[in-house]
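Subject: Structure handover

Hello,

Here is the structure I promised to pass on. Please open it first, then read my notes below.

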Amino acid sequence: MESRANQIHFVFVGRLKDTQLLLSTLSNPTMQDRLQDFTQHATIILQKQACQVQSVDGQRLKSDFTGLSWHSICDKNSILYGAVTDKDYPDDLCSQFLRQLIGQLYDKSIELRRDPQSQETLRELQQHKGIVHELHQRYRDSRNIDKSLQALQAIDKAQGFMQQNIASMIQNRQQMFDIESKSGDLRDTASKFKSQSKKMERMARLKQMQMKVIFALLAVTGLVLLYYFMF
């Protein structure tokens with residue numbers, strides 16, 4: 001018999017508007033005797049969640065019941081997706097399972113995309129239990145999946161570092177461009193100042209020469225007048 005450790009036992013999808021179970025399936029056949037309890041408690045979870053003032057898209061909830069963990073996520077259309085696992089089953093892994101379930105159901109179900117609140121959605125989702133079984137097969141051994149998840153997280157972390165380094169390089173380059181631009185402005189200012197200084201120096205020399213010429217003319221004029229009056 002297959003070990004129960006780290007298993008997903010029961011999966012359900014419900015609508016908060018009328019607390020209607022749209023889809024439910026027993027993922028672990030060894031727990032057939034608890035199917036009725038699972039179904040009843042899934043309905044209770046729907047009723048409790050429906051009483052909330054506002055359901056947050058993507059909000060993850062977790063509770064314990066009869067020694068098992070109950071995980072659930074609500075989407076933007078107030079559809080609740082839940083899974084019952086052993087307590088040792090990783091929370092992040094179960095959330096990933098539920099998010100993939102959401103994506104695949106929306107991808108396969110035309111009615112779910114068109115009108116999640118219709119009765120047609122209820123009938124159509126019953127035909128997509130195979131999606132749940134396929135995902136359950138993929139997530140059956142949480143240890144192997146957990147290793148894959150860790151590898152993906154490591155890749156995401158490395159990508160994050162790369163993006164930070166690239167952003168830092170771009171910022172440093174922009175700062176370098178700013179410094180070069182400011183240096184260019186300073187060079188232009190210094191060049192203009194130097195040009196103006198030379199111009200002012202030439203003007204000062206010209207004025208000084210003009211004063212000398214004026215003094216010389218005055219002196220000559222004075223000598224001429226003195227000579228005229230004396231002789």
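**Phe10 and its surroundings**

Setting aside neighbours within four places in sequence, Phe10 is in contact with Ser24, Thr25, Leu26, Ser27, Leu35, Phe38, Thr39, Ala42, Gly82, Ala83 and Val84. Contact means heavy atoms within 4.5 Å. Phe10 sits in strand S1, residues 8-15. Phe10 is buried, with a relative accessible area of 0%. Buried means under 20% relative accessible area, exposed means over 50%, and partly exposed is in between (1.4 Å probe, protein chains only). Phe10 and Ala83 are 73 residues apart along the chain, yet 5.6 Å separates their C-alpha atoms.

**Where the model comes from**

This is a predicted model: local features need pLDDT of at least 70, side-chain atom pairs count only at pLDDT 80 or more, and totals for chains, interfaces and linings use all residues. Residues are numbered from 1 along each chain as its sequence is written, and side-chain values use heavy atoms, with hydrogens and water left out.

**The whole protein**

The protein has 6 helices and 5 strands. These are DSSP runs, numbered from the N terminus: helices are H or I with at least four residues, strands are E with at least two. From the N terminus, the order is β-β-α-β-β-β-α-α-α-α-α. Of the 231 residues, 31% count as buried. Take the contacts with a separation of 6 or more: residues 24 or more positions apart account for 58% of them.

Now look at helix H2 (residues 91-108) and helix H5 (residues 129-138). Their axes come within 10 Å and cross at roughly 150°. That makes H2 roughly antiparallel to H5, a label for angles over 145 degrees. Axes are lines fitted to C-alpha atoms, for helices over the stretch in contact, and angles run from 0 to 180 degrees between N-to-C directions. H2 brings Phe97, Gln100, Leu101, Gln104, Leu105 and Lys108 to the contact. H5 brings Ile131, Val132, Leu135, His136 and Arg138. By class, there are 6 nonpolar, 3 polar and 2 charged residues. Ala, Val, Leu, Ile, Met, Phe, Trp, Tyr, Cys and Pro count as nonpolar, Asp, Glu, Lys and Arg as charged, and the others, Gly among them, as polar.

**Two loop residues**

Most residues other than glycine have a negative phi. Thr19 has a positive phi, near 50°. Thr19 lies in the loop between S1 and strand S2 (20-26). Thr19 is partly exposed, at 24% relative accessible area. Thr66 also has a positive phi, near 50°. Thr66 lies in the loop between strand S3 (60-65) and strand S4 (68-74). Thr66 is partly exposed, at 42%.

Best wishes

Definitions and conventions:
Parallel < 35°, antiparallel > 145°, perpendicular 65-115°, else oblique.
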